[in-house]
Amino acid sequence: MTVITPEGERRDAYRLIETTEDAKAPAGNAAGSKPLVPLALLGEIETPEAPFGLFVENTAEIAEIAPHLGSVDLIAIAFPAFSDGRGFSLAKRLRREGFTGTLRAKGPLIADQFADALACGFDEVDIPDTMANRQPVQQWLEMKDTMSVHYQTGFGEGKSILQQRMAAREEAAR
Amino acid sequence: MYRYDEFDERFVRERVAQFGEQVKRRLDGSLTEDEFKPLRLKNGLYLQLHAYMLRVAIPYGTLSGRQLRQLAKIARDYDKGYGHFTTRQNIQFNWPKLKDVPAILDLLADVEMHAIQTSGNCIRNTTADQFSGVAADEVEDPRPTAELLRQWSSQHPEFVWLPRKFKIAVTGAEHDRAAIRVHDIGLRMRRNEAGEPGYEISVGGGLGRTPMIGKVIREFLPKDELLAYVEAIMRVYNAEGRRDNKFKARVKILVHETGTEEFTARVEEEYAKLDGPTVNAPLEEVERIAAYFAPPAYEDLPAESVTLGEARKADAGLDRFVEQNGFAHKQPGYIALTISLKPIGGVPGDMSADQMEAFADIAERYSLGELRVTHSQNLVLPYVKKDDLPALYAELKTHDLATANAGLVTDIIACPGLDYCALATAKSIPIAQEIAKTFADDARQKAIGELPIKISGCINACGHHHVGAIGILGLEKGGRENYQITVGGDATEHASLGERLGPGIDAEDVPGAIEALVETYLSEREGSESFIETVRRTGADPFKASFAGFIETRAAQEAAE
Amino acid sequence: MAKDHRAGSKVKGDKLPAIVMASDLLEGDTVFLAETGWTRDSKAARIAHDQESADAMEAEGKAAAAANAVVDPYLVPVEITEEGHPLARHFRDVMRQKGPSIHPDMGKQADFGPIA
């Protein structure tokens, strides 16, 4: 898996816990030392030391996740397919719930979705290496910046077109 | 008309450049076909039976003469000299090459047009009443709302990977000409008891495999809360709409399976949580957009035109044209005109590049440079002075654009069907052509009166067959094309779905079957009832009986042969 | 993702002989697998008379799709006309092979003359 942020590729500091056995393995100090725990596994294993990473399906309810928000510093949302956009809405809702840690989109996303993912509140993506080979980091960084304007207020950094128009009017009125 | 400012311009230009990059990345293998397909669809590009097809957005069906001229240029330089107007007020080119598409998109951007989100699982072109701003029965102009939604829905970061396509329609008139109850979201502009402007909101209408009439989930939403409320609907749909089965993925299924009450509750819950003021457009922005749709500088004219009155007496053709294709204008001395793209034997909705150029000139000389596209695949000249009608009619005739059949039995809606479409199961256009030829006689058409026939070449129902007074659905049965006939569908404020009359029939039998149904209507009708009014009163039974009779007669004929 | 391009048409009975039809990626028009490479003229299409050849041709089609030359290749059952040319057995494939029924002046029927 390859983790890509707006600044480029990043070493993954998290290790996915897939079974209760995984959870017992010693963490160590090397790469991937923090556990990334699937929400479904959380009740079955000894709760890791906070802060840890939480891995959720894109169908997870906010009510199921909310109790853990205080003890996790990363939430990875599963994207079973790039065309499944549920994760975008879940990210938006998690941010609204007050989660300020790292939001990760995990799955076979395509570079063309990077800007949208960031605008919905994600900080990074974690894509399979086969995808990263076809669409290297450079493509992700280039596709991220193809659009410099957006209409929707409340999405992404910078002012929306509506806000920029307002600002221009106020400027002109001065 | 709305005009792009620097931001709209930059948005569209950057999007064109982005698509150019995506095409390059498809060709160099960075994007697989499965990945590229949704990206090209969201830029209006399909791969059909014979070629790519580019669907260009005509926001709420409004076009300028300049834009139509550019469409003519694209048709001539990059296609085969014609375009096809669709049931969602868009235009399609049937023969572009992938390598030319970025150049075509640039030409569109030159005249403030685009093909963004005319396909794919995202919010599509918002449609509206073709008589917006001029209809005598209008409460409020829906175009500013449609433009606001166009901008808000364009490349919305959260809602471009929906379970399925999503269509919004707006009407501001008493009579619904935008078919809002068969859209994913239907907005009806209205006022509350205090006289404040707002919307009645229905969700979950749609045609396709499981046709449904939209359910009202909000009787009244204050006008300035629109975007936040729509965002709430979209979020609930994006999160909860089914993704396990393409045929159950539209919001109508979610509303149906959840129940209207529960669905409404979820939308309201989401709406209560989101921060409305940060989502909604500020009043200044709404006013800025609305200013573009202010009434034009009308001349002060008497309600009736003496010139037109005399010309109508002298020219029966003109008289008939005005009677059939004229539409009551709110401004005295003016008239709106439907320009039929349904000449007998023609392809419904097709227009040649020559006709487009000629019509662009006509719109500039006779209709303040503006025209409209209707969901029934016709055009409208919205601002015609009655005094000008005789001269205008003469010009329309020279370009074969004066067919006086608006709303009649030969004004048939038909999807492209198997002649072009990769999804089609049967031909659609040739069926329309044969029916039109059968009823070509003007006197006969007039005697039959208003009769919307709608034909789809597959279950996806682009031809709106469910809401045709007579609906025709082409399917494949036993390796042959087979057509099912329904009656009683209606897309207006009395929205209803058609009822199937019996087994499917062969293509060559369709015109005869329609004749049998028309005969039944003529014998059953009371007073000045239209076809659909008669069906509503009698029910489908008399039509089922005559349809069965027709099939029996045909079977006997074939046995004799 | 649900398929929105319906490749392949149902034909009852024997699926042979057959040809391979696809869309050209750049141009978008219908192309047919020939003895070598692809042709736009269905009269020059390679015809599989046995299953082994059909499987090999289908594999060639898939390889061309993977190499970004064509899109949606599939085997099309045909009959052989008196002139020895393949003619698709399903009406949808015939439409692709010839061009729109409403426009005899467009598509393959216009470029290469009457197909059958």
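Here is a short tour of chain contacts and domains.

This is a predicted model, in which local features need pLDDT of at least 70 and side-chain atom pairs count only at pLDDT 80 or more, while totals for chains, interfaces and linings use all residues. Residues are numbered from 1 along each chain as its sequence is written, and chains are lettered from A and ligands numbered from 1 in the order in which they are written.

Let's begin with chains A and B. Two residues are in contact if their C-beta atoms, placed from the backbone, lie within 7 Å. Between these two chains, 36 residues of chain B meet 35 residues of chain A. On the side of chain B that touches chain A, α1(B) gives the most, with nine residues. Helices here are DSSP runs (H or I, at least four residues), numbered from the N terminus.

Chain B also meets chain C: 25 residues of chain C are in contact with 26 residues of chain B. Helix α2 (residues 91-98) of chain C brings the largest share of chain C's side, four residues.

Now for domains, whose bounds come from an automatic or database domain assignment.

| Domain of chain B | Residues |
|---|---|
| domain 1 | 6-110 |
| domain 2 | 134-291 |
| domain 3 | 306-398 |
| domain 4 | 413-560 |

The centres of domain 3 and domain 4 of chain B, taken over C-alpha atoms, are 28 Å apart. Their contact involves seven residues from domain 3 of chain B and eight residues from domain 4 of chain B.

Methods. Helices (H or I, at least four residues) and strands (E, at least two) are DSSP runs, numbered from the N terminus.
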